[in-house]
Amino acid sequence: MHGGPLSYRHYTARRGAFCRHRGALAGRLYSLAMLFLLAAVLVAVDQLTKAWSKQTFAPGESMPLALGFNFTYVENTGAAFGLFRGVSFELFGYQVDGVVRLGLLSALVSLALVIYMLGRGRQLPLLGRLALAFILAGAVGNLIDRFAHRYVIDFIHFQVGWFDFPVFNVADICVVVGAIMLFIWGFLPEGKP
């Protein structure tokens, strides 16, 4: 049983290599599935908190919490922190305002992230994959608002003394956390997770 091309030793070696490859592939697919699940959970938390704030507060209404934090309900028609609010133009007879443009931009960013994560995400270290999942969740969370309401619901407000940070939401937190992770990952030595 030694010499033939289908010897037992040869067969078990090939079978073991195939099983190891299949196991590694299954592990990478499982890892990607967990990242998309994390992004979906973050989007759900974002949408649930926005729905709660919309039902609880009137626009502009505020409730103080602690340590300078308040719940302040805002319907933001601009980008982050209200940038590009009120900017619009006509294209082929259709009015394209800042909300539509930012929604389309969010859709493109989300699609690009999904394609990149499916194609190259398995090769990234965990910190890079988590960063992309957080950014994807933030982009999708605000994308849903822009097309469902024509504005983004913001409700977290931080103000201490003269410092008054613009009102934001869970999706904005996801984008910032993801960007910080990418920044940290960029400074890690090559090959470090």
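In the predicted model, the protein chain exposes about 12000 Å², and carbon and sulfur atoms supply 71% of this area. Of the 193 residues in the chain, 33% are buried. The chain contains four helices and six strands, arranged along the sequence in the pattern α-β-β-β-β-α-α-β-β-α. Among contacts with a separation of 6 or more, 63% are between residues 24 or more positions apart.

The largest nonpolar core comprises 26 residues, within which Met117, Ala137 and Cys174 have the most contacts. At least two residues of this core are supplied by each of H1, strand E2 (69-76), helix H2 (98-120), helix H3 (126-148), strand E5 (152-160) and helix H4 (170-187). H3 provides the largest share, seven residues. When neighbours within four places in sequence are left aside, the contacts of Cys174 are Leu42, Phe134, Ile135, Ala137 and Gly138. In soluble globular proteins, nonpolar side chains tend to be buried together.

Nonpolar side chains also occur on the surface, where Tyr30, Met34, Leu37, Val41 and Val45 form a patch. Together these residues have about 460 Å² of accessible area. Val45, one of the patch residues, lies in helix H1 (residues 8-56). The relative accessible area of Val45 is 38%, so this residue is classed as partly exposed, the class between buried, under 20%, and exposed, over 50%.

How values were computed
Residues numbered from 1 in each chain as written. Predicted model: local features only at pLDDT ≥ 70, side-chain atom pairs only at ≥ 80, totals over all residues. Heavy atoms only, no water. Patch = residues over 30% accessible without salt bridge, like charges linked within 9 Å, V, L, I, M, F, W, Y side chains within 5 Å. Areas by Shrake-Rupley, 256 points an atom, 1.4 Å probe, with all protein chains shown as cover. Salt bridge = Lys/Arg side-chain N within 4 Å of Asp/Glu carboxyl O. Buried < 20%, exposed > 50% of the residue type's maximum accessible area, 1.4 Å probe, protein only. Core = buried A, V, L, I, M, F, W, Y, C linked by side-chain atoms within 4.5 Å. Contact = heavy atoms within 4.5 Å.
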